[in-house]
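Morning, everyone. Please bring up the model on your screens. I'll walk you through it.

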Amino acid sequence: MKTFFQYLTIFSTLVYVATGVALAGERIVFKGTLGKNAEVVLELEKVADGYDGRYFYVRHGVDIPLHGTLASLKEALPRYEHGELLAGDDNRDQPIFIDPATEKPRSVWHGKIDGDTYQGTWRDAKTKKSLTFELHQVGRYDPDAIKPVGVEAVTAAITPGIGSNIAYGTAISLKNAPYDYLKMQIPFQPGAEIIRKNVGYRMMTDPRTKFAYPRLTRHPNPQVLASINQILEQRHWQMSLAALECKATLYTMDGPASGTLGNFDAETIGVRYLSATLMSVVEEGSTFCGGAHPNNHYDPFTLDLIHGGYLDFNRLFPVWIRNKDGSNIDPVLADFISEKVESKKNRGKLNPDIDCTDVLPQYLDFEFDEPDKISFVVSGIGHAMGVCLGPQLVMPIRALKPILKPGAKAYF
C-alpha cells in the first residue's frame with residue numbers, strides 16, 4: 001500500500017512531465033519548425049534568473065546561445081558584425097544579448113510551454129521579421145553525466161576544438177545526448193566505393209564540416225560490418241561536433257579562429273589498410289579553435305574485422321605488460337624495436353638532426369599500410385615534439401614473424 005508521500009511524489013513527477021519544465025541542471029530538448037519549414041533543435045536549462053539555452057538550424061548545425069524567460073528568450077548576437085567587434089560589450093568571450101545600437105535585444109523568442117510543446121513567435125527587431133514556431137520535446141539529459149573528466153577534460157581545455165563536450169567513450173545517442181545526436185541527423189554525402197576483394201568502403205562527408213570519413217560498405221559478416229560502422233560513425237560525429245562547436249564561437253570568442261571550422265575542414269582521414277580481417281585508419285591534421293597552440297596530431301587506429309571492434313594488438317604480438325602501476329612495453333617488443341632502430345641507424349636511414357626513435361616506446365602506436373606493411377608510429381606526443389608525429393619504423397608484415405603469436409595467422 002502506497003504512503004501519502006509516495007502518492008505525492010508520483011503526482012509531482014506527472015506534473016513535471018506534463019508541464020515540460022526543466023529542473024535545474026537538466027536540459028530539455030525540443031525539435032520542430034521556425035517559420036514555414038526551417039528545421040531547428042532547441043534546448044533549455046533552468047537557471048536562477050530564468051533559462052539558459054541554445055538552438056541550431058539543422059542545415060547549419062551552429063549553436064546560437066539563448067537566455068531569458070520562456071516568454072522572452074533573447075538570442076545572442078555575433079560578436080563581430082561587418083568585420084568589427086560590437087561596441088559596448090564588457091564581457092570578453094561571453095555571448096552578447098543586447099544590441100549596443102539600440103540597448104535592446106534584437107531577436108527574441110516569445111513563447112510558452114504547453115505539455116511537451118514549446119510554441120510562440122520569434123521576432124527580429126532589426127528586420128521586423130516575425131515567424132511562428134512550434135517545437136516538440138524529444139528528450140532530456142544531464143550534461144554532467146556525459147561531459148569529459150580527468151585527463152580528457154584537461155586536454156580539451158588546453159587545446160580547444162579537439163572534441164565536443166561529450167566524453168569520448170559516451171555514445172552519441174538520442175538517450176545520452178539528444179541535442180548533439182539530432183545535430184548529426186542530416187544526409188551525408190557519399191564518395192565512390194573502394195573495393196578490396198570481398199570488402200569495401202566509401203568516404204562520407206558532412207556537408208557542413210567538409211571533411212570525409214570512411215564507412216564499410218561490404219564485408220562477409222553483416223554483424224561485423226554493423227559494429228565497425230558504429231565505431232566509424234561515432235568517431236566521425238565526434239569530430240564534426242567539434243568543428244561545429246568551433247564555428248559557434250562566433251557568438252562567444254574574439255580570437256582569429258572565432259567562427260571558423262577550426263581547420264577541421266582540412267583534416268586528412270585515410271584508410272591505410274583494408275582486408276577481410278583488419279582495417280587501419282589515420283586521422284591527421286592541425287586543428288585550432290583558440291588556446292595556446294594548434295592540436296597537431298597523427299592518430300592511427302586499427303579495427304578488428306574478425307571480432308568487430310578495435311584491434312587488441314596483443315592478439316598479434318606482445319605489446320604491453322599491464323600491472324597495478326599501469327602499462328609498460330613488453331620486453332620482447334622493446335628488444336625488437338631496438339634491433340630495428342639500430343639496423344636503420346647503421347644503414348644511414350635516420351636523420352641525425354631529427355631522431356624520434358627515442359620517444360617511440362613512450363608514444364607508440366601502430367598502423368597497417370597497403371599492400372603488406374606495418375608502421376610503428378609516434379602518436380599523442382606534446383606540441384613541442386610534434387615534428388616526431390607519424391611513422392618512425394616501416395617494415396613488411398612478414399618482418400614481424402619472430403614475435404608473432406600463433407593466433408596472428410588468422411589475420412594475415
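Among contacts between residues at least 6 apart in sequence, what percentage join residues at least 24 apart? The figure is 50%, with contact meaning heavy atoms within 4.5 Å.

Some ground rules. This is a predicted model, where local features need pLDDT of at least 70, side-chain atom pairs count only at pLDDT 80 or more, and totals for chains, interfaces and linings use all residues. Residues are numbered from 1 along each chain as its sequence is written, and side-chain values use heavy atoms, leaving out hydrogens and water.

Confidence next. pLDDT is the predictor's confidence in each residue, from 0 to 100. The protein averages 88, and 86% of the residues score at least 70. Over residues 1–19 the pLDDT is below 50. Beyond near neighbours in sequence, that stretch has 12 contacts in the model.

Now the inside. Of the 412 residues, 47% are buried, that is, under 20% relative accessible area with a 1.4 Å probe, protein chains only. The largest nonpolar core has 35 residues. Such a core is a set of buried Ala, Val, Leu, Ile, Met, Phe, Trp, Tyr and Cys residues joined through side-chain atoms within 4.5 Å. F317, L333, I337, F368 and F376 have the most contacts inside it. Elements giving it two or more residues include α5 (331–346) and β22 (373–378). Apart from this core lies another, of 25 residues, among them V40 and L70.

Look at I337. Leaving aside neighbours within four places in sequence, I337 contacts I329, L360, L364, F376 and L393.

Key:
Buried means under 20% relative accessible area, exposed over 50%, partly exposed in between (1.4 Å probe, protein chains only). Helices (H or I, at least four residues) and strands (E, at least two) are DSSP runs, numbered from the N terminus.
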